[in-house]
Amino acid sequence: MIYPANRFDGNIAPIRDHIFHTGKAAVMANIAYFEIPADNVDRAKHFYHTLLGWKIEPTKTPMDPGMMKTMEYQDVKTGEPKEGTMNMGGMYKRQMPQQAALRNYVIVDNIDKVLAKVEKLGGKIVMPKMEIKSVGETAVIVDTEGNAIGLWKPGMM
């Protein structure tokens, strides 16, 4: 499925709205978004843009101004939408050493239901559910092997 965002401009509303209006969030939890932590955001932007041609710009998603300055959050566009591919993500200034790897986010229909199963299955909740205006609910878990994965339930404005 191609989400209705022919030109990604940092606004996830068309994707979120498509999921809510069609009811077509993932039957299986598909990867929908990625984040890249960076010690030096400008250096990482240069690397990915020069190497892969990615378009990386300061986010247009509303955030707390203090958080925005600290995180230096960037929207990443990896190409035009194509069937079966993901074309968007984010980049931010690494805040803690344990943010060592790229993080993928999966779309879920009910974040509370998923979080209720995490510890029963041997995982850990490392960032509890958090609401982000115009984005939805997110949380971060660690699986039984120590890998972090984000959960995302798109929200309505």
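A residue is called buried when its relative accessible area is under 20%, exposed when it is over 50%, and partly exposed in between, using a 1.4 Å probe and protein chains only. The structure is a predicted model, in which local features need pLDDT of at least 70, side-chain atom pairs count only at pLDDT 80 or more, and totals for chains, interfaces and linings use all residues. Residues are numbered from 1 along each chain as its sequence is written, and side-chain values use heavy atoms, with hydrogens and water left out.

Helices (H or I, at least four residues) and strands (E, at least two) are DSSP runs, numbered from the N terminus. Val41, Ala44, Lys45 and Tyr48 are the buried residues of helix 2. They share one side of the helix because they cover an arc of only 105 degrees around its axis, taken from the directions from the axis to the C-beta atoms. An α-helix has 3.6 residues a turn, so residues three or four places apart point the same way. Turned away from that buried side is a face with the exposed residues Asp42, Arg43, His46, Thr50 and Leu51.

The ends of helix 2 also deserve a look. Just after the helix, Gly53 has a positive phi of about 75 degrees.
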